[in-house]
Amino acid sequence: MDETKPYTTLNLGPTHPATHGIFQNVLTLDGEQIVDAEQTIGYIHRAFEKIAEHRPYYQITPLTDRLNYCSSPINNLGWHMTVEKLLGVKTSKRVDYMRIILMELARITDHLVCNSVIGVDSGALTGFIYVFQEREKVYEIYEEVSGARLTTNMGRVGGFERDFSLKAVKKIHEFLDHLPNVLHEFEKLLLRNRIFMDRTIGVGPISGERALNYGFTGPNLRAAGVDYDVRVMSPYSSYNDFEFTIPVGAQGDTYDRFCVRQEEIWQSLNLVRNALENLPEGNFHVDVPQFYLPPKEEVYSKMEALIWHFKIVMGEIEVPVGEVFHSVEGGNGELGFYLISDGGRTPFRLHFRRPGFIYYQAYPEMIRGGVLSDAILTMSSMNVIAGELDA
Amino acid sequence: MENSFIIDKLYKAFGQDILRMDTTSDILSFTVASPVIHEVIQFLKEDENMNFIFLTDLCGVHYPDRGLPLGVVYHLHNLRENKRLRIKTFITLNHPKVATVADLFSSANWMERETYDFYGIIFECHPNLKRILNVEYMDFFPMRKEYPLEDPTREDKDDRYFGR
């Protein structure tokens, strides 16, 4: 920073179409070149960690929806797995595979949105509208499985509230058949497009070493050349039954992040296909009567079931004392849940390790020296989700 | 990487400053005295046998009934050996100060600001210790246990019977 120069201060956000969420960047500009940047966040802070300390375990799932709302099922199921870890509940293979199907579908939508938005910010609106139709199809699958679309509140501790219906399975098959064509067309539009490559190669780069130091995880870290993926390193939900490739980039720039996500969509498609083909027979939940709501018909007709229903919803159940840290590979990085239980009806402390909150710190370092239009592309390629950023 | 190896190395380097060890949790955890927290984290990060180069998580916790009520919990990860480690340190309410680790991990910067914001734990030598998610003029630390979730003077709302 040169104090004698007449720099321009520019507010990018809090409500700017290019921030894709409510957060602010105060940029110091020399002409069009970025000299410095400072982020202001917290505009949609909703105190989830405080609320979680006052809610029974059953009522916390809807809070997790609203972290990374582009891939809510991953948050929901990650939370259920955390509680299962605390309780020592072991889920069946069918539950695990069903979870994999939904989490990978969520990853596909998350990546589709992020990648198509990179296209939008570089001037190609067509691809965005085109792949959003596919996202809509995944939301229809969510709707079949859980009844909701965006904030899904999906699954239960121990499994799912209901089995995949025939319609859900049919919709998943249709999606698997249709998406490859769409993806090919989407890639034809951008992947080797001279304009897109010129706009993204070398833009907002970060080295693998700096990325690790900044706590990067997920596609952003892998684009910088570090092959860390929670699904492989600490497999949960039977991910070790499947074979898939972890794509890595080299430069850690916007183009690499785009390519890594694009390849991950293909890998996720294969995972969904394999999990669906090998879906074992059996029950869609394991037997944990203290945490799994009894069937609704019984609640209306049997005393015992009504009591359990009440106890679970109100949190009048025994929870062991202990602390666990569980992390899953979220849409944009390692989503962790640090849970301390003192045996009470609510968690004593629940901390969300939100990947977006941690890696967004690196933004000023990544855009410094670049031009304003590149800063916008860098931000969209980092996949910062406001809900997760502010918790 | 075996637990016993880490335990040996850590006890050799910081014998009397390790107050508690827990091998029964999901992750091997240590409670260390607050004055040495920076040295412990630095040792774990930079020692060539330890190599915990990744700070997964940093957060605060408040146990109002304990002698040292405020705590900071660090989750470290050795990516090469895929080993996780939990380090805790506890401090008093009157003197809530620990050394920052933002010089070791750039990622700690905002996580420490968040911990300060919610628990009022002061990270000494932090480059920019100010509130991050809450408004700057807030004069209390909302995640401490004594602060109620909702305004207790409200009469139009009685949540006692709704699992809260």
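How many residues does the contact take from chain B and from chain A? The contact takes 50 from chain B and 44 from chain A. Everything in these views comes from a predicted model.

**View 1. Chain B at a glance.**
Start with chain B on its own: the secondary structure comes to 3 helices and 7 strands. Reading from the N terminus, the elements go α-β-β-α-β-β-β-β-α-β. The C-alpha trace of chain B spans about 60 × 35 × 30 Å along its principal axes. Of the 164 residues in chain B, 54% are buried. Take the contacts in chain B with a separation of 6 or more, and 51% of them are between residues 24 or more positions apart.

**View 2**
Together the two chains bury about 3900 Å², and 56% of that is on carbon and sulfur atoms.

Between chain B and chain A, 23 residue pairs are in polar contact. On the chain B side, strands S3 (54-62), S4 (70-78) and S5 (83-91) and helix H3 (108-119) each supply at least two of the touching residues. S3(B) gives the most, with 9 residues. Sorted by type, the residues on this side of chain B are 26 nonpolar, 13 polar and 11 charged. One to zoom in on joins Arg354(A) and Glu114(B), whose side chains meet at 2.9 Å, N to O.

His126(B) sits in the segment after strand S7 (122-124) of chain B. Is this residue buried or exposed? With a relative accessible area of 10%, His126(B) falls under the 20% cut-off and so counts as buried. The His126(B) side chain reaches the backbone nitrogen of Asn128(B) at 2.9 Å. Setting aside neighbours within four places in sequence, the residues in contact with His126(B) are Thr100(B), Ala102(B), Asn109(B), Glu112(B) and Arg113(B).

**View 2. Strand S5 of chain A and its two partners.**
The strand to follow here is S5(A), residues 334-342, which is mostly covered: 8 of its 9 residues are buried. On one pairing, S5(A) runs antiparallel to strand S4 (residues 321-329) of chain A, joined by 9 bridges. Within that pairing, Glu323(A) has Ile340(A) as its bridge partner. The S4(A)–S5(A) hairpin has 4 residues between the strands, and Gly333(A) in the turn has a positive phi of about 150 degrees. The other pairing is with strand S6 (residues 349-353) of chain A, again antiparallel, over 5 bridges. Here Gly336(A) has Arg353(A) as its bridge partner. This hairpin has 6 residues between its strands, and Gly343(A) takes a positive phi near 90 degrees.

**View 3. Salt bridges within chain A.**
Over all chains, the count comes to 33 salt bridges. Side chains of opposite charge can pair when their charged atoms come close. One example is Arg345(A) with Glu316(A), where the closest N and O atoms are 2.6 Å apart. That pair links distant parts of the chain: Arg345(A) is in the loop between S5 and S6 of chain A, while Glu316(A) is in the loop between helix H13 (303-314) and S4 of chain A, 29 residues apart. Arg345(A) is partly exposed at 27% relative accessibility, and Glu316(A) is partly exposed too, at 43%. Another pair is Arg149(A) with Glu143(A), with the closest N and O atoms 3.9 Å apart. In this pair, Arg149(A) is partly exposed at 30% and Glu143(A) is partly exposed at 38%. There is also a network of salt bridges linking Glu104(A), Arg107(A), Arg222(A), Asp229(A), Arg231(A), Glu264(A) and Glu329(A).

**View 4. Asp26(B) and Arg86(B).**
This view shows a salt bridge inside chain B, with the closest N and O atoms of Asp26(B) and Arg86(B) 3.2 Å apart. Asp26(B) lies in the loop between strands S1 (18-22) and S2 (28-32) and Arg86(B) lies in strand S5, so the pair ties together parts of chain B that are 60 residues apart in sequence. Asp26(B) is partly exposed, with a relative accessible area of 32%, whereas Arg86(B) is buried at 0%.

Note on methods
Residues are numbered from 1 along each chain as its sequence is written. Chains are lettered from A and ligands numbered from 1 in the order in which they are written. This is a predicted model: local features need pLDDT of at least 70, side-chain atom pairs count only at pLDDT 80 or more; totals for chains, interfaces and linings use all residues. Side-chain values use heavy atoms; hydrogens and water are left out. Buried means under 20% relative accessible area, exposed over 50%, partly exposed in between (1.4 Å probe, protein chains only). A polar contact is a pair of N or O atoms within 3.5 Å; within protein, one must be able to donate a hydrogen and the other to accept it, and residues adjacent in sequence count only if both atoms are side-chain atoms. Contact means heavy atoms within 4.5 Å. Buried area is the accessible area (1.4 Å probe) that two parts lose on being put together, summed over both. A salt bridge is a side-chain nitrogen of Lys or Arg within 4 Å of a carboxyl oxygen of Asp or Glu. Ala, Val, Leu, Ile, Met, Phe, Trp, Tyr, Cys and Pro count as nonpolar, Asp, Glu, Lys and Arg as charged, and the others, Gly among them, as polar. Two strands pair if DSSP finds at least two bridges between them.
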